Amino acid sequence: MNGPADAGGAYSWDRSFRLWDTYFALIWLATLVFVLGAGHPGWPVRVTAAALLVPLVPLFLRVGRPLLRQDPPDARKALTYLGAMMALFLPSAILVGETRLMTFALVPQCFMTLRMRWAPTAVAVINLAPVAGWALLWRPSEQDVFFNGLFAVVTLVFSVAVGSYVIRIIEQSQERAALIAQLDTSRHEVSRLSAAHGALAERQRMAREIHDTLAQGFTSLLMLIQAVEAELDHDMPQARRHLALMDETARLNLAEARALVADGTPADLAGATLPDALFRLTARHSAKLAVTGQVRPLPAGAEVVALRSCQEALTNCRKHAGRSATVTIDLGYAEESLTLSVRDDGHGFDPGAARDGYGLAGLRARATEVGGTVRVRSAPGGGTTVTVRLPVPPPRSCS
């Protein structure tokens, strides 16, 4: 993780190590006081034992502390470091029993650096070796040996139990940290994929809008230009009618472009009902429109899909059915559905054959987005019928 979370985590980690430094210093200082103030053995031995404790401080600061801050610590360096610490601690603890207080600073380091593989062995040496060496060197009474040995065993068991528990907590924390990192990575990946999917969906939506509005308008203009060129020499009134239709189509295309940029209502539906928009559309395409059922305002999504579907079907009729084909459009309002049917008696085609183009695929995609269906019936020489059925809310009952 980055940013403030990292800064806070680093601060907490540094603060915990300052606490550990204080703990180590207090244990070391208390051990030194106990060793120098012990009543047995004589002062030359106590000074020797104290002198062996002095190098523990620079060894900890130069090697141990950086090692403890590693995650995880280097196992080979940890063994070398703890071996050096025990080489200084064990002789001092054998010479003066009070030195064993230093185990409270050494045992935690074993678990922090070696973890469960070598830590129990190192802890056993730190707890038991000083008692065994002390008993062999000074030959104390059996009672002193028993109590010191019992204390060493209890300390060993307690150290292993608590250390093992702490290690498991550390390992669990590391696993959770790794899991959190994976989840964070997954979250970023999901966010990236979601953004990519959103961009793709928006590109597809824009492609459908452009295909159903601007592209079809430009196609109409090209076809009208061809008609005007053919009529200029022998049918001037018809040419003028087509020029007026070109002007209307160009203006409508401009309005559609502005609506597309503003992501607003299609120009044909602006301030008009769906039947009115379809009447104007069919007039431009010389088609016939029949409306059945109770005409009522519908959600904008359903009306836009119906209008765009009609535009696409009429464009396909113009391209594929033939100039002499008759086109009939039925718009039916039912209780919970709106049905648009576009029929022509043109050339037809085989619906099962593979076809290029975006028209029918885009029409189906539009209908699917609002929960509708599209059915295409056609046969070579038998005309084509495109039926779009969309779910709509039922009319409000008057009470």
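Colleague: Let's start with R139: where does this residue lie?

Modeller: R139 lies in the loop between α5 (103-138) and α6 (142-231). Helices here are DSSP runs of H or I with at least four residues, strands are runs of E with at least two, and both are numbered from the N terminus. This is a predicted model, where local features need pLDDT of at least 70, side-chain atom pairs count only at pLDDT 80 or more, and totals for chains, interfaces and linings use all residues. Residues are numbered from 1 along each chain as its sequence is written, and side-chain values use heavy atoms, with hydrogens and water left out.

Colleague: How should I read the backbone there, and what is the phi of R139?

Modeller: As a general idea, most residues other than glycine have a negative phi, and most peptide bonds are trans. In R139, phi is near 50 degrees, a positive value in a residue other than glycine. R139 is also exposed, at a relative accessible area of 66%. Buried means under 20% relative accessible area, exposed means over 50%, and partly exposed is in between (1.4 Å probe, protein chains only).

Colleague: And the peptide bond from H40 to P41: cis or trans?

Modeller: That bond is cis, with omega near 0 degrees. P41 sits in a loop too, the one between α1 (4-36) and α2 (43-53).

Colleague: Stepping back, how many helices and strands does the protein have?

Modeller: It has 10 helices and 5 strands. Of its 399 residues, 38% count as buried. For contacts (heavy atoms within 4.5 Å), take pairs at least 6 apart in sequence: 69% of them join residues at least 24 apart.

Colleague: What does the accessible surface come to, and which residues make a nonpolar patch on it?

Modeller: The surface comes to about 22,800 Å², and 62% of that belongs to carbon and sulfur atoms. Such areas come from the Shrake-Rupley method with a 1.4 Å probe; for residues, only the protein chains shown count as cover. The nonpolar patch covers about 480 Å² and is made by F158, V162, Y165, V166 and I169. Patch residues have over 30% relative accessible area and no salt bridge; nonpolar side chains (Val, Leu, Ile, Met, Phe, Trp, Tyr) are joined within 5 Å, and like charges within 9 Å. V166, one of the patch residues, is found in helix α6 and is partly exposed at 37%.

Colleague: Which strands hold D330 and R343?

Modeller: Their side chains form a salt bridge with 2.5 Å from N to O. The pair links distant parts of the chain: D330 is in strand β2 (residues 327-333) and R343 in strand β3 (residues 337-344), 13 residues apart. D330 is partly exposed at 23%, as is R343 at 33%.

Colleague: In what sense do β2 and β3 pair?

Modeller: Two strands pair if DSSP finds at least two bridges between them. β2 and β3 pair in the antiparallel sense over 7 bridges, and a hairpin joins them through 3 residues. On β1 (residues 288-292), the pairing with β2 is parallel, over 5 bridges, and T292 stands opposite G332. Since 5 of the 7 residues of β2 are buried, the strand is largely enclosed by the rest of the structure.

Conventions: Salt bridge = Lys/Arg side-chain N within 4 Å of Asp/Glu carboxyl O.
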